[in-house]
Amino acid sequence: MSYLINSSFGPEDMERATVPFILANAAANRGDARVFLTCDALNLVVKGRADGLVAEGYTPVKVLIDEFVAKGGLIWVCKVCAAVMDITQDDLIEGAEIGGAPNTMDFIEAGGRVLV
């Protein structure tokens, strides 16, 4: 089974930014998992920006992201959002790549289930 989790939440709302990575880790435990990030969520995968970010009562988001990548999960970053935010591939952590909508659509068309 393949799973896709979409998120647009970043440091401005850490609870909503964290929950998709909890779900992503659960998905990665069951199969092929991808996360597609848009808007403020891109800030979570720029090197150093997730350090110290934690929603009260939750695991720090950097820990969740690192666990997801270690499980083979891949994070796709919206190409348009990255351009608007002046983020390049070199700015991103390992396991994150600028890919955008075409990657996402291909994954869904190949049978990936979207988790919201």
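Author: Start with a term: buried means under 20% relative accessible area, exposed means over 50%, and partly exposed is in between (1.4 Å probe, protein chains only). This is a predicted model, in which local features need pLDDT of at least 70 and side-chain atom pairs count only at pLDDT 80 or more, while totals for chains, interfaces and linings use all residues. Residues are numbered from 1 along each chain as its sequence is written, and side-chain values use heavy atoms, with hydrogens and water left out.

Reader: How many helices and strands does the chain have?
Author: There are 4 helices and 5 strands. In sequence order the pattern is β-α-β-α-β-α-β-α-β. The radius of gyration is 13 Å, close to the 13 Å that the globule rule gives for 116 residues, so the chain is as compact as a globular protein of that length. That radius is taken over C-alpha atoms, and the rule is 2.2 Å times the number of residues to the power 0.38.

Reader: And what share of the residues is buried?
Author: Buried residues are 43% of the 116 in the chain.

Reader: Which residues of H1 are buried?
Author: They are Met-14, Ala-17, Thr-18, Pro-20, Phe-21, Ala-24, Asn-25, Ala-27 and Ala-28. The cover over them includes strands E1 (2–7), E2 (32–37), E3 (74–77) and E5 (113–115), and helix H2 (61–70). H1 itself covers residues 14–30, and its 17 residues reach 25 Å from first C-alpha to last, close to the 24 Å expected at 1.5 Å a residue. The expected span is 1.5 Å times one less than the number of residues.

Reader: Pick one of those. What is Thr-18 in contact with?
Author: Beyond its neighbours within four places in sequence, Thr-18 is in contact (heavy atoms within 4.5 Å) with Ala-55, Tyr-58, Thr-59, Val-61 and Leu-64. Thr-18 has a relative accessible area of 0%, so Thr-18 counts as buried.

Reader: Different topic. How many salt bridges does the structure hold?
Author: It holds 3. A salt bridge is a side-chain nitrogen of Lys or Arg within 4 Å of a carboxyl oxygen of Asp or Glu. One joins Asp-13 and Arg-16, with the closest N and O atoms 3.4 Å apart. Another joins Arg-34 and Asp-32 at 2.6 Å, N to O. Asp-66 and Lys-62 also meet in a salt bridge, at 2.8 Å, N to O.

Reader: Are Arg-34 and Asp-32 buried or partly exposed?
Author: Arg-34 is at 15% relative accessibility, so Arg-34 counts as buried. Asp-32 has 32%, so Asp-32 is partly exposed.

Reader: How far apart are Asp-66 and Lys-62 in helix H2?
Author: They are 4 residues apart in H2, which means a separation of about one helical turn. An α-helix has 3.6 residues a turn, so residues three or four places apart point the same way.

Reader: Last one: which residues make the nonpolar surface patch?
Author: Met-105, Ile-108, Val-114 and Val-116 make a patch of about 390 Å². Patches are made of residues with over 30% relative accessible area and no salt bridge, where like charges are joined within 9 Å and nonpolar side chains (Val, Leu, Ile, Met, Phe, Trp, Tyr) within 5 Å. Accessible areas come from the Shrake-Rupley method with a 1.4 Å probe, and for residues only the protein chains shown count as cover. Ile-108 lies in helix H4 (residues 101–109).

Conventions
Helix = DSSP H or I, 4+ residues; strand = E, 2+ residues; numbered from the N terminus.
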